[in-house]
Amino acid sequence: LGGTSPRANLVYVSAEDDENELARRAQAISRELHLPSPDCGVFLSRKGMDSALAIMSEGSECELRPFYFQLVAQLRAIPGHKVVVLDSAYDFVRFAGRAKIDEDSVNLFIKVILQGICDQADSTLLIPWHPSQAGSGREQMDGWSVAWRN
């Protein structure tokens with residue numbers, strides 16, 4: 001997963017960006033926030049790896065995946081409160097069947113799985129969500145459960 005820094009209170013996990021892009025982002029964040037160094041947090045590249053925290057099935061069934069446990073352990077090893085960015089949502093959850101439009105399944109992922117990470121690891125979590133291609137094509141930015149809108 002990468003090293004931890006005792007100063008790290010930002011943990012940025014990218015499912016799509018490589019180490020070079022994450023280094024560029026760290027430098028930009030450091031510059032924008034006027035930090036003394038780009039070593040402002042832990043930046044983890046998951047490019048090419050299975051980053052699913054859970055597999056969600058219809059009817060609120062879920063299977064926690066190995067990365068869930070790895071992430072929680074990594075976060076717990078960092079002292080203090082953390083701000084965690086998981087970029088982006090669809091890379092960190094796998095929906096089986098029609099679970100992506102099943103409100104109960106989406107609510108379970110958000111209110112139990114993601115909230116559980118926050119509770120276990122003293123963290124605040126930000127997870128960008130992008131609309132489906134169908135929703136983007138209609139310019140309505142939908143195509144998923146209405147639970148994502150809240």
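**View 1. Strands β3 and β6 run parallel and are joined by three bridges.** In this predicted model, local features need pLDDT of at least 70, side-chain atom pairs count only at pLDDT 80 or more, and totals for chains, interfaces and linings use all residues. Residues are numbered from 1 along each chain as its sequence is written, and side-chain values use heavy atoms, with hydrogens and water left out. Within this pair, I55 stands opposite R94 in β6. Strands (E, at least two residues) and helices (H or I, at least four) are DSSP runs numbered from the N terminus, and two strands pair if DSSP finds at least two bridges between them.

**View 2. The open sheet of three strands has the order β4-β3-β6, with mixed pairing.** The edge strands, β4 (61-64) and β6, each pair on one side only, and the twist averages 20 degrees from one strand to the next.

**View 3. Helix α3 lies across β3, β4 and β6.** The helix runs at about 145 degrees to β3, where axes are lines fitted to C-alpha atoms, for helices over the stretch in contact (heavy atoms within 4.5 Å), and angles run from 0 to 180 degrees between N-to-C directions.

**View 4. The largest nonpolar core has 28 residues, of which V11, V13, L53, L71, L86 and I117 touch the most other members.** The largest share of this core, seven residues, comes from α3. A nonpolar core is a set of buried Ala, Val, Leu, Ile, Met, Phe, Trp, Tyr and Cys residues joined through side-chain atoms within 4.5 Å, buried meaning under 20% relative accessible area (1.4 Å probe, protein chains only).

Terms used
Buried means under 20% relative accessible area, exposed over 50%, partly exposed in between (1.4 Å probe, protein chains only).
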